[in-house]
Amino acid sequence: MHDIYAVVLVGCVECLSGFICSKIESHEVSETDLKCPRMDCVFPLSHATLRGLTEGLDRPEVYEKFLTFCTDQYLQAAIESGGAMRCPNDTCDYVFQWRPE
């Protein structure tokens with residue numbers, strides 16, 4: 001519900017869409033990066049809002065890039081915590097993840 005208000009309160013949807021696309025293109029995809037751009041607001045924008053704003057500019061590939069960055073961040077955190085590892089084969093991007101018994 002708050003996302004709708006954030007879009008309305010910020011004003012120009014085209015400007016907000018451009019702001020979001022710019023953040024994603026520059027790999028700024030954390031919750032603190034992708035939040036309502038109002039100075040007094042720290043509310044993160046939902047995936048649904050991000051998708052709607054990027055598709056509204058007829059740039060669905062930007063949302064796909066966002067999802068890829070989020071997946072990469074998740075996998076890197078899992079690797080760093082010891083809960084996953086990359087395939088040792090240089091030509092493979094597969095990541096093995098496991099749950100401790």
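The model is a predicted one, in which local features need pLDDT of at least 70 and side-chain atom pairs count only at pLDDT 80 or more, while totals for chains, interfaces and linings use all residues. Residues are numbered from 1 along each chain as its sequence is written, and side-chain values use heavy atoms, with hydrogens and water left out.

The protein chain contains four helices and two strands, where helices (H or I, at least four residues) and strands (E, at least two) are DSSP runs numbered from the N terminus. Read from the N terminus, the order of these elements is α-α-α-α-β-β. The chain has 101 residues, of which 28% count as buried; buried means under 20% relative accessible area, exposed means over 50%, and partly exposed lies in between, with a 1.4 Å probe and protein chains only. Contact means heavy atoms within 4.5 Å. Among contacts between residues at least 6 apart in sequence, 42% join residues at least 24 apart.

The largest pocket has a volume of about 180 Å³. A pocket is an open set of points on a 1 Å grid over the protein atoms alone, where a 1.4 Å probe fits and protein lies on both sides within 12 Å along at least five of seven lines; lining residues have an atom within 4 Å of a point. The volume is the space filled by probe spheres set on the points. Residues that line the largest pocket include Val29, Glu31, His47, Phe66 and Gln73. Two elements, α3 (47–56) and α4 (60–80), each give two or more residues to this lining, and α4 supplies the largest share, three residues.

The structure holds zero disulfides, a disulfide being a pair of cysteine sulfur atoms within 2.5 Å. Cys87 lies in the loop between β1 (84–86) and β2 (95–97). With a relative accessibility of 19%, Cys87 counts as buried, whereas Cys92, at 28%, is partly exposed. Leaving aside residues up to four places away in sequence, Cys87 touches Cys92, Tyr94 and Phe96.
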